[in-house]
Amino acid sequence: MTRRYFGTDGIRGLANKHPMTSEVALKVGMAAGHLFQNGSHRHRVVIGKDTRLSGYMLEAALMSGFTSVGMDVFLLGPMPTPAVAMLTRSLRADLGVMISASHNRYDDNGIKLFDPDGYKLSDETELAIEGLIDGPSEDLLVPADRIGRATRVDSAQERYIEFAKRTLPKNLRLNDLRIVIDCAHGAAYKVAPAALWELGADVVAIGVDPDGRNINNKCGSTAPQALIDKVREVRADIGIALDGDADRVVIVDEKGRIVDGDQLMAVIAESWQRRGKLSAGGVVATVMSNLGLERYLKDQGLSLVRTPVGDRYVVEHMRRHGYNVGGEQSGHIVLSDFTTTGDGLVSSLQVLACAVATGKPVSEVCARFTPLPQVLKNVRYANGQPLDDSRVRRAIEGAKEKLGDGGRLVIRPSGTEPVIRVMAEGDDEGLVNAVVGDIVEAVQAAAHAA
């Protein structure tokens, strides 16, 4: 079936334009609320959001939809995506909802749904919801005496802060550490600085003044320069940058250098392996993770399993095969001992635990391997299927032959726009640039000829 609403990560779009309208949000609430009622108990849904202006509009519409089909609604207010997933389980809700477009601009928004266990919905469930959205709404409505209630959960922030703190080893404190935290004017603007302060850190918080329009604007994990500057200015021990919904993180060491998700996975995996906590003997990452990570883990006696791009594929493989560390180079780190989705705060706490336990600076703790030269270029096309062109296939085969065992090639179409992504990495930076250039040239020629 062709999807009309759901994409690779929930429903997303420009606020007040289809499908990100109050009307669609109302119908999503009705459809999902109806589908997730099973049994005679009072059914409940947890709704969180980030700080986008359109969040008020979508929250009210979803609340109306859920209550109209007989579900009680627990409103969390601005909360990180992983907090919504955690509270869905903790409050024994039938469904969790996060209103966010993650690291996008403020004028985008999205609706992410979680099942009772805090995991993102399967493709089959999303298609079932779509079928109900497009069906007659009157069939979903309950009698007046069964309409649901809405309640604001005033303790939501404190519950998540305590949860995050408990992920650290017992009695470990962050005393004497100066930490800069950039919350991207987003969902974690209250809870992340508070958790770090309660653990004893000297906290310098930036990106904590949301106005509905400044989320992710020149701040957060996708624009870490403000964090780098502040770390250097206050001579901090570490900088932590979250994105708008706080499910991804980028670390900046005390020298102002960026540490990406690949290095963070290496740090956590090695630490957990040493403590006997790492399961399945390795890490799950995507095809975009650096070959340097794979080689480093191999030297530690650990494996790296790769999935397609997208944290949902990482989580699916982790669940199916028993891994407890996985993630993406972009900073989505999933630690399934604690969370069901990426959690920027919890991931950064694991890195801080390593720094405290070893007494070493973050620059040393997080320099687990030297990344191989990696080049990624995007080629836009208007018509046709460039990857089916014989010239492109020859260029790809030639690149694989040239790279041999000393490199890696990933060619994939974007799932959201007419773009071919060409990525190569290897020991020889000049060769990597050359093979990417050859493939890009072939794709451009094929696209022009279509």
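1. The six-stranded sheet. In this predicted model, six strands form an open sheet in the order β1-β5-β4-β2-β3-β6, with mixed pairing; two strands are taken as paired if DSSP finds at least two bridges between them, and strands (E, at least two residues) and helices (H or I, at least four) are DSSP runs numbered from the N terminus. The edges are held by β1 (11-14) and β6 (150-152), each of which pairs on one side only. From one strand to the next the twist averages 20°, where axes are lines fitted to C-alpha atoms, for helices over the stretch in contact, and angles run from 0 to 180 degrees between N-to-C directions.

2. Strand β2 (residues 43-49) and strand β3 (residues 71-78) run parallel and are joined by seven bridges, with Val 46 standing opposite Phe 74 in β3. Helix α3 (residues 81-90) packs on the sheet, where it touches β2, β3, β4 (95-99) and β5 (108-114), and its direction makes about 165° with that of β4; contact here means heavy atoms within 4.5 Å.

3. The loop between β1 and α1. Asn 16, which lies in the loop between β1 and α1, has phi near 70°, a positive value in a residue other than glycine.

4. The α1 and α2 pair. The axes of helix α1 (residues 22-35) and helix α2 (residues 55-68) come within 7 Å and cross at roughly 35°. The crossing of α1 and α2 is right-handed, a term used if the near helix is turned clockwise from the far one by less than a right angle, anticlockwise being left-handed. On the α1 side the contact includes Ala 25, Leu 26, Val 28 and Met 30, and on the α2 side it includes Met 57, Leu 58, Leu 62 and Phe 66. By class, the contact of α1 with α2 has 10 nonpolar, six polar and no charged residues; Ala, Val, Leu, Ile, Met, Phe, Trp, Tyr, Cys and Pro count as nonpolar, Asp, Glu, Lys and Arg as charged, and the others, Gly among them, as polar.

5. The three-stranded sheet. Three strands form an open, antiparallel sheet in the order β16-β18-β17. Both β16 (374-380) and β17 (407-413) stand at the edges with a single partner strand each, so one side of each is left without a neighbour in the sheet. The twist averages 10° from one strand to the next. Seven bridges join β16 to the antiparallel strand β18 (residues 419-426), and Lys 377 stands opposite Val 422 in β18. Helix α13 (residues 390-403) packs on this sheet, touching β17 and β18, with its direction at about 160° to that of β17.

6. The cavity. There is one cavity of 30 Å³ or more, a cavity being a set of points on a 1 Å grid over the protein atoms alone where a 1.4 Å probe fits but cannot get out, whereas a pocket is an open set with protein on both sides within 12 Å along at least five of seven lines, and lining residues have an atom within 4 Å of a point. The largest cavity holds about 70 Å³ of space, a volume being the space filled by probe spheres set on grid points joined across faces, edges and corners. Its lining includes Phe 6, Asp 9, Lys 112, Lys 120, Leu 121, Glu 126 and Arg 312, and divides into three nonpolar, two polar and five charged residues.

7. The second largest pocket. This pocket has a volume of about 240 Å³, and of the 16 residues that line it, the closest to its centre are Tyr 119, Lys 120, Leu 121, Ser 122 and Arg 319. Helix α10 (residues 311-321) gives the most to the lining, with five residues. The lining of the second largest pocket divides into five nonpolar, five polar and six charged residues.

8. Basis of the values. Residues are numbered from 1 along each chain as its sequence is written, and side-chain values use heavy atoms, with hydrogens and water left out. As the model is predicted, local features need pLDDT of at least 70 and side-chain atom pairs count only at pLDDT 80 or more, while totals for chains, interfaces and linings use all residues.
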